[in-house]
Structure formats: structure tokens, C-alpha cells
Amino acid sequence: MKKVLYSLCFLIAFMAANTASSQGLFKKLKDKVNKVVDKEVDKKAGIPPDNQSAGNSSSSSPGGPVNKGGAGLTNTAPPDVKAQMAEAETAHAAKNYSDARYSLQQALMGVEIQLGRQILKSLPPTVDTLNADTAQDVVMSTQWGWSNLSIHRVWKNTADKQMTVTVGNAGVYAGLATLYFSNAGMMEANGSKQNFKQVRVKGNKAIIQYEDSKGYTLIVSLGQTSMTVWECINFANEQEVMAAANSFDIDGIKKMLGEQ
């Protein structure tokens, strides 16, 4: 376990000096760390292998009161990576393995959020006639693992034209993407009009979908776990969607995610 902590501390120091070029290295080491820490901490904390997560339960009951409002949650800063690493080492030395595990998770989440913000900075401020609405930017790391990192931005104009881009693991589209990317000859058609179509964006495998109620959805596979999804409302045609997608530095995004 100490070797794992020392490896992460060394890596974080390296990333602080050279963040842009070290993402692929971090991803590879992090994947290994995930497995080692899960197994080691759960073993010492007495957590059975098949009992590592608890299901969600609803606190509402039929006939109960309905919430009518509230102040919501205040924004908090992302985890301080170095501080969380120090806390993990202290907790491990005290054999408080549950707190050590939590601090490691927080440290890795902090790195993911830093990476997400870096990807946001690399996205174009304008696309066609659309301007980025940075007030709607979202960087989210929901759990321990790269497949839970999600970066979200919206572009729009004064009319009803809008483009929403999600980078990372878009769970709602994961099944759809797997289905179509794994079968090169598969397509769906409705009469003479295709609802799905396989395309390429800057050499990357992609699928494009159109629905009257939603507009165009373009999904580009970035690697084993990552994808970029464009949701385009009130675009004139698929050529306009493809032109918008081609204005993104997809290779740069893949590099930052460690997918190449």
C-alpha cells in the first residue's frame, strides 16, 4: 500500500510540473492503482469483495409530503490533490483504511476535475454562428475511474440554434455507441430515410442520428471508454453538423484523455 501512495505522490508532483504531457501516463498508473488500492484497502478494512457498494434506497413513501423548494447546495472547490494525498498517508499510517481509501478517491477526483477544465479550455469559443455559453460549463467526476469523467459545454445564438457537447463517458449513449461501432454493417432505416448512419470525423469512427423532436446527435468514439457527443438543435442538415464537429481538436482531446 505504501508503494501505491508513494507512486501517486511522485506522479502528482510530475503532473504539477508538466500537466499537459503527462495525462496518458497518469491514466495508465491510475488504472493500476485503482485495482491495487481497492483490493488492499478492502482486505484490511474487512470489506467482502462482493459487498463494496450499497444500493440506493428511496426515503419517500406513498402519501408522504412533497418537497416544494429549498436553497439547494452551495458550490465548493474541487478536492485539493496534495492535501488529500497527505491525508491518505496519515490515515494509512494510523491503519484507518476507510479514510485512506476516501482520501485517495478525493485526490484522484481532483486530478480528473483539473483535466476536465483543461479540456474545456481547448474547445473552440465559437462554432459557426454559435457562441460558447460558459455559464453552463460542467466538469463532473462522479466516482473513482476515468469512465465517470464528464465535460459539458453549450454553444448557442440569439435564435433557437444550439449545440451541446459532452466529452468523456456519456452513459446514456454508451449502449447505442457499442451496438453500432461493433457492427460495421448495421444501420436502421425508416422507409427511404436513414435514422442512423456511420460516418468518420477526422478519421475517427462515428455515428450520426436524426430525430425530428431532438435534431442531430453525433457520437465519436475516442477510445476504449471515452466518446464525444454533439447534440445539435435546429441545424439545417448533416453537413452542417459534420462541419461543426470538424472544428474541434479531437486528437488533442484524445491525447489529454490518454486515449492515444
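Q: Which residue forms a salt bridge with Glu238?
A: The model is predicted, with local features needing pLDDT of at least 70, side-chain atom pairs counting only at pLDDT 80 or more, and totals for chains, interfaces and linings using all residues. Residues are numbered from 1 along each chain as its sequence is written, and side-chain values use heavy atoms, without hydrogens and water. A salt bridge here is a side-chain nitrogen of Lys or Arg within 4 Å of a carboxyl oxygen of Asp or Glu. With closest N and O atoms 3.0 Å apart, the partner of Glu238 is Lys197.

Q: Which elements hold Glu238 and Lys197, and how many residues apart are they?
A: Helices (H or I, at least four residues) and strands (E, at least two) are DSSP runs, numbered from the N terminus. Glu238 is in helix 6 (residues 238-245) and Lys197 in strand 8 (residues 196-201). The pair links distant parts of the chain, 41 residues apart.

Q: Is Arg153 buried or exposed?
A: Buried means under 20% relative accessible area, exposed over 50%, and partly exposed in between (1.4 Å probe, protein chains only). Arg153 forms a salt bridge with Asp137, with closest N and O atoms 2.7 Å apart. Asp137, at 24% relative accessibility, is partly exposed. Because its relative accessible area is 8%, Arg153 is buried.

Q: Which residue of strand 4 (residues 149-156) is paired with Asp133?
A: Asp133 lies in the loop between strand 2 (130-132) and strand 3 (138-141), 23 residues from its partner. Asp133 is buried at 17%. Its salt bridge has closest N and O atoms 3.3 Å apart, and the partner is Lys156.

Q: What is the relative orientation of helix 4 and helix 7?
A: Helix 4 (residues 97-122) and helix 7 (residues 250-257) pack with their axes 10 Å apart, at an angle of about 170°. Axes are lines fitted to C-alpha atoms, for helices over the stretch in contact, and angles run from 0 to 180 degrees between N-to-C directions. Angles under 35 degrees count as roughly parallel, over 145 as roughly antiparallel, 65 to 115 as roughly perpendicular and the rest as oblique. Helix 4 is therefore, relative to helix 7, roughly antiparallel.

Q: Which residues in helix 7 meet helix 4?
A: Contact means heavy atoms within 4.5 Å. From helix 4, the residues involved are Leu115, Gln118, Ile119 and Ser122. Their counterparts in helix 7 are Ile253, Met256 and Leu257.
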